[in-house]
Amino acid sequence: FAQTGLAQTQLQFFNNYFVTGDYVVGGVGLRGLGVQGYATGTINIPDTSYQSNATGVPAGADIVAAWLYWQTVESSQSSFAGQQGFFRGYPIIGSVLGNPNAPVSWSSGGCSGSSNGSKTMPTYRTDVRPYLQVDLNGNVQPNVSYQVWLADSGSNGGGSPLTLGATLVIIYRVLDKNVPLNAITLYDG
């Protein structure tokens with residue numbers, strides 16, 4: 001069969017984890033919430049905002065990885081204005097994923113943008129495992145609220161940068177012979 005079209009970006013393999021455990025995900029929408037250049041939001045683990053019976057990381061589990069992802073609409077003239085932010089008060093810098101130069105349909109002008117120039121929407125990822133909360137004994141406490149501060153003009157659509165939201169992925173291992181082995185694969189794009 002002939003292929004009729006191609007996507008602008010393709011997902012690329014990032015990492016694969018084989019664990020006797022699983023993963024949990026939490027997220028927050030941030031669009032237009034910026035004050036003095038940053039949108040502030042809270043990611044809860046477990047995240048019951050979308051699934052009322054969401055479960056968190058089991059007690060005693062070993063945290064294998066914790067990745068924060070976010071997307072920011074930016075002016076094509078800016079040089080990754082959304083790349084830096086804060087996670088639990090710690091400064092973070094995201095790796096740029098996919099094609100950061102692909103224009104997005106942002107105005108009535110379509111993908112060519114408006115007279116102010118086109119917009120792009122880079123996706124960023126950073127390792128936040130070192131910044132997870134720990135108790136007095138040094139044990140990671142993953143089932144808590146995580147505050148993020150990411151670049152946002154606060155314009156709710158009329159200006160950039162404009163961070164749409166952020167997602168936290170925590171991968172964990174349970175040391176229990178009755179827990180099945182899972183393969184957790186991350187693709188980025």
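Predicted model: local features only at pLDDT ≥ 70, side-chain atom pairs only at ≥ 80, totals over all residues.
Visitor: How many helices and strands does the chain have?

Guide: There are 0 helices and 12 strands. Both are DSSP runs, numbered from the N terminus: helices are H or I with at least four residues, strands are E with at least two. Of the chain's 189 residues, 39% are buried.

Visitor: What makes the rings of Phe14 and Trp67 a pair, and of which kind?

Guide: The structure holds 7 aromatic pairs. Rings of Phe, Tyr and Trp (its six-membered ring) pair if their centres lie within 6.5 Å; planes under 30 degrees apart are stacked, over 60 edge-to-face, the rest tilted. The centres of Phe14 and Trp67 are 4.9 Å apart and the planes stand at 85°, so this pair is edge-to-face. Phe14 is in strand β1 and Trp67 in strand β4, 53 residues apart. Phe14 itself is partly exposed, at 22% relative accessible area.

Visitor: Why is the pair of Tyr38 and Phe86 called edge-to-face?

Guide: Because the ring centres are 5.7 Å apart and the planes are at 65°. Strand β3 holds Tyr38 and strand β5 (residues 84-87) holds Phe86, so the pair ties parts 48 residues apart in sequence. Tyr38, at 32% relative accessibility, counts as partly exposed. Phe86, at 28%, is partly exposed as well. Together with Trp149, Tyr38 and Phe86 form one aromatic cluster.

Visitor: How do you know that Asp62 and Arg173 form a salt bridge?

Guide: A salt bridge needs a side-chain nitrogen of Lys or Arg within 4 Å of a carboxyl oxygen of Asp or Glu. For Asp62 and Arg173, the N to O distance is 2.5 Å. Asp62 is in strand β4 and Arg173 in strand β11, so the bridge ties parts 111 residues apart. Asp62 has a relative accessible area of 31%, so it is partly exposed. Arg173 is partly exposed too, at 30%.

Visitor: Which side chain does Arg125 meet in a salt bridge?

Guide: Asp188, at 2.0 Å from N to O. Arg125 is in strand β9 (residues 123-127) and Asp188 in strand β12 (residues 182-188), 63 residues apart. Arg125 has 11% relative accessible area and is buried. Asp188 is buried as well, at 6%. The structure holds 2 salt bridges.

Visitor: What makes the largest nonpolar core a core, and which residues touch the most other members?

Guide: A core is a set of buried Ala, Val, Leu, Ile, Met, Phe, Trp, Tyr and Cys residues joined through side-chain atoms within 4.5 Å. The largest has 26 residues; Leu68, Phe87, Tyr146, Ala166, Leu168 and Ile170 touch the most other members. Strands β2 (21-29), β3, β4, β10 (145-151) and β11 (162-173) each give two or more residues to this core. Another core, of 10 residues, lies apart from it, and Tyr17, Leu97, Ile184 and Leu186 are among its members.

Visitor: Buried or exposed: what is Ile45, and what does Ile45 touch?

Guide: Ile45 is buried, at 3% relative accessible area. Ile45 sits in the loop between β3 (38-44) and β4 (62-75). Contact means heavy atoms within 4.5 Å. Leaving out residues up to four places away in sequence, the contacts of Ile45 include Val24, Pro142, Tyr146 and Leu168.

Visitor: Which residues form a nonpolar patch on the surface?

Guide: Leu11, Phe13 and Tyr187, with about 370 Å² of accessible area together. Areas come from the Shrake-Rupley method with a 1.4 Å probe, and for residues only the protein chains shown count as cover. Patch residues need over 30% relative accessible area and no salt bridge; like charges are joined within 9 Å, nonpolar side chains (Val, Leu, Ile, Met, Phe, Trp, Tyr) within 5 Å. Leu11 has 60% relative accessibility, so it counts as exposed. Leu11 lies in the segment before β1 (12-19).

Conventions. Residues numbered from 1 in each chain as written. Heavy atoms only, no water. Buried < 20%, exposed > 50% of the residue type's maximum accessible area, 1.4 Å probe, protein only.
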